[in-house]
Amino acid sequence: MSKKYQVFISSTYVDLKEERKSIIDTLLLADCIPAGMEAFSAVDDKQFNVIKKVIDLCDYYILIIGNRYGSINEDTQKSYTQMEYEYAESKGIPVLVFVLENNASYPTDNCPHRATKLAIFKQDAMKDRMASIWTDIASLNTKVAVAIMRIQREQPRPGWIRANSITAGALTESDFNISVKPTSKELVKNDPAQFKLALLYDDVPVSDASVSLIAENATFILGHTNDKGIAEIQIRTQHVYSLLITHPEFPAYISYDSIAGNDLLVCFHDKNSWGSIICNSTCYLPGLLGRLNIILDSQKRTYLYAENISLDNKTSQPFYFEVNKQFTLEDSHGSVFVAVVIFIRGTTSVLNYKQLS
C-alpha cells in the first residue's frame with residue numbers, strides 16, 4: 001500500500017530561504033509531504049510548542065546548517081533550530097543532517113558568541129552520524145534527494161496513506177490500527193434491507209460513533225452506535241453505499257462503494273490522538289470555536305469557509321484545499337488544530353483532525 005512520508009525541514013530561515021524552497025520541491029518530487037516553519041509567521045515560545053507538535057507528526061527530520069546560528073531563546077540560550085533538532089532527537093525521529101562547507105560563500109554571523117554556539121551545535125549534530133556536506137543549492141538538492149530515498153528504504157516509518165486507497169479487504173492492523181472482519185454468528189443478517197455494524201476498541205464496544213451510508217448519487221443515511229457499539233440502519237434503495245465511521249477519539253474509517261446490506265464488525269486497535277467527524281455541509285470541530293462549511297462545487301473544486309477561524313494563517317476566503325492534504329486551523333482563543341479532508345461527495349465530507357495547542 002502506497003505511503004507518503006512527512007518530512008520536517010529545519011534551518012535558519014532568512015539566509016536559507018531559497019534553499020528551503022528548493023528542498024520543498026525536491027521532497028514533493030520524492031512523493032513526500034514537506035513541513036516546516038513556512039506555516040509560521042515568526043517563531044516564539046508559543047509557536048515553538050506548535051512546531052513540536054508538527055514534528056511529532058513527521059516521519060523524518062532534515063537539518064540544514066549554514067553559517068548562521070539563528071534566533072536564540074532567552075530561557076534555553078539555544079537557537080530555535082537547535083531546539084527543534086534536539087526535540088526531534090528526543091522523539092526518536094530519524095534525522096538527516098546537511099552541513100554547509102566551511103569555505104562556501106554564504107552570509108555569516110558577525111557575533112563571536114553566536115559563531116561559537118554554531119560551531120558547538122554543528123559538532124553535536126554531526127556526531128555519530130554520516131552528515132552530508134553541501135556547497136550550493138544544486139549540491140544540497142542532490143544530497144537531500146539521495147538521502148531521503150535511502151532512509152525510506154533503510155528506516156521505513158508509519159507515513160500517511162490515502163484513505164481512498166484502502167478497502168475493507170485490504171485494510172490491515174498496521175495501516176490505521178483498524179481491522180475489519182465479516183460479522184460473527186452473533187450478528188446474523190435478518191433483513192437484507194437492514195445494515196448492522198458493530199464497532200469495538202480492544203474488544204470493548206465503542207458508543208456514540210457517527211455512521212453514514214452514502215450512495216454514489218450523494219444521498220446519505222445517518223446513524224450512531226449505541227452503548228453496545230451497534231448501529232442499525234435501514235436501507236430502502238438498491239444503491240451500493242460507501243461506509244463512513246467517525247468518532248472524536250479515533251481516525252475515520254471509510255469503506256468505498258462496498259456496502260449493500262452486508263453487516264460488518266470494525267475494530268479500532270489504538271488511540272493515536274486523532275479524532276474524526278462527518279460534515280454534512282457544515283460542522284464544528286470539538287474544541288475549536290467556529291463553524292466550517294466544506295464545499296465540492298459543480299466544477300469539482302474543493303474549498304471551505306470558516307467562521308472566525310484562520311486557515312493556514314491566511315485571511316482570504318474561500319480557502320481552497322486538496323483532499324488528503326493537511327491544513328491548520330486557529331480560532332480566536334488560540335486553539336490550533338491540524339486537519340485533513342479524506343472524503344468528499346456531494347455535501348458530505350469526512351475530516352480527521354488533531355489539536356496541537
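Biologist: What is the handedness of the crossing of H1 and H5?

Modeller: In this predicted model, local features need pLDDT of at least 70, side-chain atom pairs count only at pLDDT 80 or more, and totals for chains, interfaces and linings use all residues. Residues are numbered from 1 along each chain as its sequence is written, and side-chain values use heavy atoms, with hydrogens and water left out. A crossing is left-handed if the near helix is turned anticlockwise from the far one by less than a right angle, and right-handed if clockwise. For H1 and H5, the crossing is right-handed.

Biologist: At what angle do the axes of H1 and H5 cross?

Modeller: Helices (H or I, at least four residues) and strands (E, at least two) are DSSP runs, numbered from the N terminus. Axes are lines fitted to C-alpha atoms, for helices over the stretch in contact, and angles run from 0 to 180 degrees between N-to-C directions. The axes of H1 (residues 17-29) and H5 (residues 137-154) come within 10 Å, and their crossing angle is roughly 35 degrees.

Biologist: How many nonpolar residues has the contact of H1 with H5?

Modeller: Contact means heavy atoms within 4.5 Å. From H1, Glu 18, Glu 19, Ser 22, Ile 23, Thr 26 and Leu 27 meet Ile 137, Leu 140, Asn 141, Val 144, Ala 145 and Ile 148 of H5. Ala, Val, Leu, Ile, Met, Phe, Trp, Tyr, Cys and Pro count as nonpolar, Asp, Glu, Lys and Arg as charged, and the others, Gly among them, as polar. By class, this contact has two charged and three polar residues, and the nonpolar ones number seven.

Biologist: Why are H3 and H4 described as roughly parallel?

Modeller: Angles under 35 degrees count as roughly parallel, over 145 as roughly antiparallel, 65 to 115 as roughly perpendicular and the rest as oblique. H3 (residues 80-90) and H4 (residues 112-126) have axes 11 Å apart and pack at an angle of about 20 degrees. The two helices are therefore roughly parallel.

Biologist: Which residues of H4 do Thr 81, Gln 82 and Tyr 85 in H3 meet?

Modeller: H3 passes H4 in a left-handed crossing. The partners in H4 of these three residues are Phe 121, Asp 124 and Ala 125.

Biologist: What is the angle between the planes of Phe 48 and Tyr 80?

Modeller: Rings of Phe, Tyr and Trp (its six-membered ring) pair if their centres lie within 6.5 Å; planes under 30 degrees apart count as stacked, over 60 as edge-to-face and the rest as tilted. The structure holds twelve aromatic pairs. Phe 48 and Tyr 80 form a tilted pair, 5.9 Å centre to centre, with an angle between the planes of 55 degrees.

Biologist: How many residues apart are Phe 48 and Tyr 80?

Modeller: Buried means under 20% relative accessible area, exposed over 50%, partly exposed in between (1.4 Å probe, protein chains only). Phe 48 is buried at 7%, and Tyr 80 also counts as buried, at 11%. Their pair links distant parts of the chain, helix H2 (residues 45-56) and helix H3, and the separation is 32 residues.

Biologist: Which residue has its C-alpha atom 4.9 Å from that of Gly 223?

Modeller: Gly 223 lies in strand E10 (residues 220-224) and is buried, with a relative accessible area of 13%. Not counting residues up to four places away in sequence, Gly 223 touches Ala 209, Ser 210, Val 211 and Ile 233. The C-alpha atom separated from that of Gly 223 by 4.9 Å, twelve residues apart along the chain, belongs to Val 211.
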